[in-house]
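I am opening a notebook on this structure. The entries below record what I looked up, topic by topic.

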Amino acid sequence: MGLEVLIVEDQMLIAIHLQDLVEEAGHRVAAIAHDGVSALAAAANHRPTIAIMDIRLAHGASGIDVARQLYEEHRIRCLFVSANINEDVRQRVADLRPLGFIGKPFLAAEVIAAVRAAAIAVDSNSC
Amino acid sequence: MPVLPEIILNVDDNEPGRYATTRILNRAGFQVLEAGTGKEALRLARSASPQLVVLDVNLPDMSGIDVCRQLKTDPATAGIMVLQVSATNIAVLDRVSSLSAGADSFLVEPMEPEELEAVARALLRLHRVEAELRRSLAEREMLLREVNHRVKNSLQLVLSMLSLQGGEFREAGAREIFAKAIARVTAIASIHERLYQDTDPLSIDMQTYLTGLCAELARAGIGDERHADLRTDIESLRLPTENGVSLALIVNELVMNALKHGRPSERSAIINVSLRRLDAGHARLTIADNGPGIAVDRAGGAEKPAGGLGSRLINMLVRQLNGELRIEHADGYAAHITFPVQAAAPWDSKS
């Protein structure tokens, strides 16, 4: 099943690059959001299957808090893509059933592989 | 910085003695809290955050030396200065075990008021200096993390920009030029992603680094559209970071070459990348393909090995590694680079 992906990333250039990679992996981007407020609005309007989440967002928002809300309100799981992934971050999102962690600068192949793996994880979960 | 009143915790089960100590310290202008047991002392040390504890060795529930040891091993209270106090008759033994348990100073009862005040002031002075050092260290660490974050984000922006711009072109030639530029920047940039995850920032594990890079190259769209089988066999080997980058750039150039020129016409392309330790002091990188092998493409073709940017980079980087490059044309084309491996100096985060 094709994923509908919400990209939450405050750098638009990186967001567009991620969009290309999601499409190259054979899935669709439902929306791009650059902060917490727009991410939650996009989740309500577009009903994405998963989100690709940066951890430091515009306007001081934390991707971890946004990820928690997406999960608690919409059961949306996240693939985290950030320049500061560490043990602390992994622990804080462990209960949100994260779909993976990718450090920046990322390899395009990593992102594509992680999106494909996410599709399998989400699919097997919904059956 | 606002000057906070300094708090001293006075721990003694003997009431007259405790009263006398509190009186001396109050008169010297300090705010004093009191505890009569070890348990109460530990509780107050955590909740009231005093700067100094005047701690009697003999307490009803536990030894004052154990209280001191607990204070000094708990990160929340380790910064509190401890002045251990004991009666004269057993003072020598107590003094040794108190100081080994982490006490900062020691006095024998009965204490001279002037001496108690002077020692308290000296320990509080030390506490202020240590607190200031801890604060500036924490600030430095935060700054370093911030700079790291910026570096990685900026490199990501460079890569995203190149990728998006390369995507604008339709013709294969232009796309390939971009793919090569992206691959070269990736080889340099992706080391940062791996560098600070490790406890050791001075060296890098080549196994994850090179395996990731090769996976990236396999999909980079260099050469023709036919599938190439890129096989990696990279030993777990730590190299000093600067050598790691050089080696990654060499792998990048040789694999790109193999993808472009190393395609056999009548069988499927296989490219092997291996990194092995030879003996304690040397390692060898081998990149081999089963392509046409020789010359026509490489020596006579448009991209002369001696002149192209790729070959210039390879020669320069091999020299930088103090390594040797050997080319072999057997069943395909193979490049062997043998280079010395210095044992990376172990990283000591405390130094």
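Entry 1, a helix pair in chain B. I looked up how α5(B) and α6(B) pack: their angle is about 165°, and their axes are 10 Å apart. Since angles over 145 degrees count as roughly antiparallel, the two helices α5(B) and α6(B) are therefore roughly antiparallel to each other. I noted the hand of the crossing of α5(B) and α6(B) as left-handed. The model I am reading is predicted.

Next I listed the residues where these helices meet. From α5(B) the list includes Val151(B), Leu155(B), Val158(B), Leu159(B) and Leu162(B). From α6(B) it includes Phe178(B), Ile182(B), Val185(B) and Ala189(B). Lys152(B) of α5(B) is also in the list, as are Arg175(B) and Glu193(B) of α6(B). Sorted by class, this contact of α5(B) with α6(B) has 11 nonpolar, 5 polar and 3 charged residues.

Entry 2, the two chains together. How many residues of chain B are in contact with chain A? I found 22 residues of chain B in contact with 15 residues of chain A. On the chain B side, α5 (113-166), α6 (172-195) and α7 (206-218) each supply at least two residues. Which of the helices gives the most to that side? It is α5(B), with 11 residues. By class, the side of chain B that touches chain A has 7 nonpolar, 11 polar and 4 charged residues. For the model I wrote down an ipTM of 0.85 and a pTM of 0.72.

I followed 5 strands of chain A through an open sheet and got the order β2-β1-β3-β4-β5, with parallel pairing. Its edge strands are β2 (28-33) and β5 (100-103), each of which pairs on one side only. Neighbouring strands of the sheet are turned by 20° against each other on average, direction ignored. I then took one pair from it: β1 (residues 4-8) and β3 (residues 50-53) of chain A pair in the parallel sense over 4 bridges. In that pair Val5(A) stands opposite Ile50(A) of β3(A).

Most residues other than glycine have a negative phi, and most peptide bonds are trans, so I searched for exceptions. In chain A, the peptide bond from Lys104(A) to Pro105(A) is cis, with omega near 0°. Pro105(A) sits in the loop between β5 and α5 (108-126) of chain A. In chain B, a cis peptide bond joins Glu109(B) and Pro110(B), and its omega is about -5°. I placed Pro110(B) in the loop between β5 (105-109) and α5 of chain B. Arg47(A) is not a glycine, yet it has a positive phi of about 50°. I find Arg47(A) in the loop between α2 (36-46) and β3 of chain A.

The average pLDDT of chain B is 85, and 86% of the residues score at least 70. Which element of chain B has the lowest mean pLDDT, and which the highest? Helix α9 (residues 296-300) has the lowest, 43, and strand β1 (residues 7-11) the highest, 97. Over residues 294-306 of chain B the pLDDT is below 50, and beyond near neighbours in sequence this stretch has 11 contacts in the model. Where pLDDT is low, the predicted coordinates should not be read in detail.

Technical notes. Residues numbered from 1 in each chain as written. Chains lettered and ligands numbered in written order. Predicted model: local features only at pLDDT ≥ 70, side-chain atom pairs only at ≥ 80, totals over all residues. Pairing = 2+ DSSP bridges. Axes fitted to C-alpha atoms, helices over the stretch in contact; angles between N-to-C directions. Contact = placed C-beta atoms within 7 Å. Nonpolar A, V, L, I, M, F, W, Y, C, P; charged D, E, K, R; others polar. pLDDT = per-residue confidence, 0-100. Parallel < 35°, antiparallel > 145°, perpendicular 65-115°, else oblique. Left-handed = near helix turned anticlockwise from the far one by under 90°.
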